[in-house]
Amino acid sequence: MISRISMAIVTIVGGCILIALVFIDNSVDMLYLARKNESKHIVQVAFNSIKPLIKQQKSGELIRVEALSLAVQMLREMTYVDQFGDNYIFMSDYTGTMLVQPFEPDLQGSNQWDLKDGRGNYLIRKLVDTAKNKGEGFVEYYYKPPGREEVQRKISYVIGIPEWGVYLGTGMYTEDVERFHSN
């Protein structure tokens, strides 16, 4: 009799733990989805802010180099702070030359085509591939957050701009989401 009661209690407690774990996993997934959507929206706002320059280029009011130069100036100012810290919009051309990297300005103008992430995978090549061949999308890689030394998993959203042969994007660090969830 006592063993049946003990088994019932163990089964009930185990079931409660399993339900709690499923709920925790789902809430982390919801945070990831919200952050991914936020990254996508930020990139879309940045793209929309420079879209008039593309239209001016297409109408002949600006030549490509002028339009791109104005866009770069605008985007270099597009930094932001969220609950996870400092973040920014980045831009590179399809050959790997960094055009906008606000927190690493010494990289601006340098070619990073062979840059590898914290796991040894080509970073810029993955971003270019997504932007150029798919037009836009998410890319996962490992990179150091601004002002930190440890490499974290990062998910970035990029949009290609074929008129200029460039892409722009922003990203989120997944460990920040996990840290936020555990608090």
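In this predicted model, Thr79 stands opposite Tyr88 in strand β2. That contact belongs to a pair of strands, β1 (residues 79–82) and β2 (residues 85–88), which run antiparallel and are joined by four bridges. Elsewhere, five strands form an open sheet with antiparallel pairing, and the structure holds five aromatic pairs. The points below cover the strands, the helices, the nonpolar cores and the aromatic rings.

**The β1–β2 hairpin**

- β1 and β2 are connected as a hairpin, with two residues making the link.

**The five-stranded sheet**

- The strand order in the open sheet is β4-β3-β7-β6-β5.
- β4 (98–100) and β5 are the edge strands, each pairing on one side only.
- On average, neighbouring strands of this sheet are turned by 35° against each other, direction ignored.
- At the β4 end of the order, strand β3 (residues 90–93) and β4 run antiparallel and are joined by two bridges.
- Within that pairing, Met91 stands opposite Val100 in β4.
- At the β5 end, eight bridges join β5 to β6, and these two strands run antiparallel.
- Glu140 stands opposite Ile155 of β6 in this pairing.
- β6 also pairs with β7 in the antiparallel sense, over eight bridges.
- Here Ile161 stands opposite Val166 in β7.
- The hairpin of β6 and β7 has four residues between the strands, and Gly165 in this hairpin takes a positive phi near 65°.
- β6 is largely enclosed by the rest of the structure, because nine of its 10 residues are buried.

**Helices against the sheet**

- Helix α2 (residues 64–75) lies across β3, β4 and β7 (166–173), and runs at about 60° to β4.
- Helix α3 (residues 123–134) packs on the sheet and touches β3, β4, β5, β6 and β7.
- The direction of α3 makes about 175° with that of β5.

**Nonpolar cores**

- Nonpolar side chains tend to be buried together in soluble globular proteins.
- The largest nonpolar core has 22 residues, of which Ile50, Leu75, Met91, Ile161, Trp164 and Leu168 touch the most other members.
- Two or more residues of this core come from each of α1 (2–59), α2, β4, β6 and β7.
- α1 gives the largest share, six residues.
- Leu75 touches Ala46, Ile50, Ile89, Met91, Val100 and Leu168, leaving aside residues up to four places away in sequence.
- A second, separate core has 16 residues, among them Phe90, Leu123, Val128 and Tyr173.

**Aromatic pairs**

- A pair of aromatic rings is described by the distance of the centres and the angle of the planes.
- The structure holds five such pairs.
- Phe138 and Tyr157 form an edge-to-face pair, at 4.8 Å centre to centre and with 65° between the planes.
- This pair links distant parts of the chain: Phe138 is in strand β5 (residues 136–143) and Tyr157 in strand β6 (residues 152–161), 19 residues apart.
- Phe138 counts as partly exposed, because its relative accessibility is 33%.
- Tyr157 has a relative accessibility of 3% and therefore counts as buried.
- Tyr141 and Tyr143 also form an edge-to-face pair, with 6.3 Å centre to centre and 75° between the planes.
- Tyr141 counts as buried at 3% relative accessibility, and Tyr143 is buried with a relative accessible area of 15%.

**Arginines over tyrosine rings**

- Arg119 lies over the face of Tyr142, 3.9 Å from the ring centre.
- Arg125 has its charged end over the ring of Tyr122, at 3.7 Å from the centre of that ring.

Notes: Residues are numbered from 1 along each chain as its sequence is written. This is a predicted model: local features need pLDDT of at least 70, side-chain atom pairs count only at pLDDT 80 or more; totals for chains, interfaces and linings use all residues. Side-chain values use heavy atoms; hydrogens and water are left out. Rings of Phe, Tyr and Trp (its six-membered ring) pair if their centres lie within 6.5 Å; planes under 30 degrees apart count as stacked, over 60 as edge-to-face and the rest as tilted. Buried means under 20% relative accessible area, exposed over 50%, partly exposed in between (1.4 Å probe, protein chains only). A charge sits over a ring if NZ of Lys or CZ of Arg is within 6 Å of the ring centre and within 35 degrees of the ring normal. Two strands pair if DSSP finds at least two bridges between them. Axes are lines fitted to C-alpha atoms, for helices over the stretch in contact, and angles run from 0 to 180 degrees between N-to-C directions. Contact means heavy atoms within 4.5 Å. A nonpolar core is a set of buried Ala, Val, Leu, Ile, Met, Phe, Trp, Tyr and Cys residues joined through side-chain atoms within 4.5 Å.
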